[in-house]
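Thanks for making time for this.

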Amino acid sequence: MKILWITNIILPPVCKKLGLPEPVMGGWMYSLLASLIQESDAQFAVATLYSGTELKKIEVDKVTYYLLPNKGTNFRYNPTLEIFWQQINHEFNPNIVHLHGTEYAHGLFFLKSCPDVTSVVSIQGLVTVISTLYYYAGISGATIWKNISIRDVLRWDNLFQAKKKMAKRGENERRIIQSANHIIGRTNWDKAHTTFMNSKAEYHFCNEPLRAGFYENNWCFDTCEKHTLFVSQAGYPIKGLHQVLKAVWLLKSKYPDIKIKVAGQDITASKTWKEKIRIGGYGSYIKKEIQKLRLEKHIQFIGLLNEKEMINQYLKTNLFVCPSSIENSPNSLGEAQILGVPLIASYVGGVPDMVEEGVSGFMYRFEEVEILASAIDKVFSMNKNDLTKLSENERITASKRHDKKVITQQMIDTYAKILSSK
C-alpha cells in the first residue's frame, strides 16, 4: 500500500536536512507518520510547497518527500502545479492520497490534476465556517474601522479584507471536501459540517496524537506560578484574547498579581518605527484595550515557543485558557489536558467533545466574560487536593483520546477500509 500525504507545512526531517527552522505548528503530523512507518507495511510519501523554483525530491527515514515550488499559490488556482502533481502521481503511484487540512489550495490542485486517485481529507479547522460566522469574534465593525493601522493600509489587509481572504480559502476548502471520497474527523462538529458539504463521502473517526514530550510530563500545583493564565495563540480575533482581557479586568482587584502570558509574537509592539508600521488592526485594538483596562502590568507576550518551551510554560502556569470564538479540536487544549494543567475553554465547535464540565476542565459561552471571570476565580480558589484531582482527571481523559497506539491502529484500519471500498 502506498500513501501520499499532502501537508501545509514542511515536516521536521526535511527542515533538518535543508537547514530550515522547524515549524512550531503541526508537530503531531510527524509524530503520527513516525508511528505509521513503524507499525504498518505501507510506503509513505509527503508532498508540500516550499519557497523554491523547482521540484525537489528528498529521501529521509524511509519516506519520500516532494517539495513543490510555491509561487504565491496557497489560495489561487495555478495550472503550473498540475504538471508537478501529475509527475508525482506517476512516479509514486499512490493507492491513497491523504490531504491533511483544507485551508490551502495546493491539495485542490492535486485533486484537479489526478481526479481518479482515491482521496481522503483530514479535517483540522473549517475556514468556511469560521469566515462566515466567527471571524470578528464579537468585535464591531466600527471598532475595526477605528483600529485600521498603517500596515493594514499599506498591505490592504485589515480585518475586513482578512475575513474576505478566509472566505476565499473557504471556497477552495468546500471544493476539496466535495471532491473527496472519504473524510477523517474527530468531533461531532466537523462531522455535521462536512456531512452537509458532501453527503456522499464516507466519514471516518480518528483522533490525533500529540508531540512526544507532552506524554512525558505532569503539571504540579506546588511548582506552578499562582494566579497566572496561559493563552497559546492570539494572532487574530477568533483566538479571543480580547475576551480574556475583559475577564482579567474584572478580577484584578481581587488578584492584584494576576498575569496573562501569551505565546507568540507581541502583536501590540509599537515602540520603534518598524513596529509601528508592522502593527495590525487587531494588535492596535488589543493595545488600546490593555491601556483602557490598565492591564499593562498584567500581560506578557513570551514569543514563539518550540515544543520544550511550550511544555515548560504549560507546567509553570496556574491555568490554561482556550478562549476562541470557534475551534474544532484544538491541540493546545489536548496538550494542556494531557499535562494535567487546569483549564477553561469556550463552549464552541468541537470543544465540548473534549471537556466534561467540572471533571476534565471548565467551560463558558464565548461572549460571557463574566462567566469566564467566575471560572478563573473558581480555579484560583480551589485547594490543592481539588486541583490535583482535576489534573488527574484531565490526564486520564487526554491519555485515552491521544493514545498513540490506538490512533495509529485507527489510521491503519481506516486506510485498509478505504482500499477495500474501491
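Strand E1, residues 2–6, and strand E2, residues 43–50, run parallel and are joined by 5 bridges, and within that pairing you can find leucine 4 standing opposite alanine 45 of E2. Please keep in mind throughout that what we are looking at is a predicted model.

These two strands belong to an open sheet of 8 strands, whose order is E3-E4-E2-E1-E5-E6-E7-E8 and whose pairing is mixed. Which strands stand at the edges of this sheet? They are strand E3, residues 56–60, and strand E8, residues 202–205, and because each has a single partner strand, one side of each is left without a neighbour in the sheet. From one strand to the next, the twist averages 25 degrees. Across E1, E2, E3 and strand E4, which covers 63–69, lies helix H3, residues 80–92, and this helix runs at about 165 degrees to E4.

Serine 332 sits in helix H14, which spans residues 331–339. Is serine 332 buried or exposed? Serine 332 has a relative accessible area of 13%, and because buried means under 20%, serine 332 counts as buried. Once we leave aside its neighbours within four places in sequence, serine 332 is in contact with Ser232, Tyr314 and Phe320.

Now for the spaces in the model. The second largest pocket holds about 400 Å³ of space, and of the 18 residues that line it, the closest to its centre are Pro12, Glu22, Gly27, Tyr30 and Glu307. Helix H1 (12–18) and helix H2 (27–39) each supply at least two residues of this lining, with H2 giving the most, at 5 residues. Sorted by class, the lining of this pocket has 8 nonpolar, 4 polar and 6 charged residues.

As for cavities, how many of 30 Å³ or more are there? The count comes to 3. The largest cavity contains about 70 Å³ of space, and the residues lining it include Trp28, His100, Arg186 and Met411. Both H2 and strand E7, at 182–185, supply at least two residues each to that lining, which by class has 6 nonpolar, 4 polar and 2 charged residues.

The second largest cavity has a volume of about 50 Å³, and among the residues lining it are Ile139, Asp152 and Tyr285. Helix H6 (141–146) and helix H12 (281–292) are the elements that give two or more residues to this lining, and the largest share, 3 residues, comes from H12.

Terms used
Residues numbered from 1 in each chain as written. Predicted model: local features only at pLDDT ≥ 70, side-chain atom pairs only at ≥ 80, totals over all residues. Heavy atoms only, no water. Helix = DSSP H or I, 4+ residues; strand = E, 2+ residues; numbered from the N terminus. Buried < 20%, exposed > 50% of the residue type's maximum accessible area, 1.4 Å probe, protein only. Contact = heavy atoms within 4.5 Å. 1 Å grid on protein atoms, 1.4 Å probe; cavity = no way out; pocket = protein on both sides within 12 Å on 5 of 7 lines; lining within 4 Å. Points joined across faces, edges and corners; volume = space filled by probe spheres on them. Nonpolar A, V, L, I, M, F, W, Y, C, P; charged D, E, K, R; others polar. Pairing = 2+ DSSP bridges. Axes fitted to C-alpha atoms, helices over the stretch in contact; angles between N-to-C directions.
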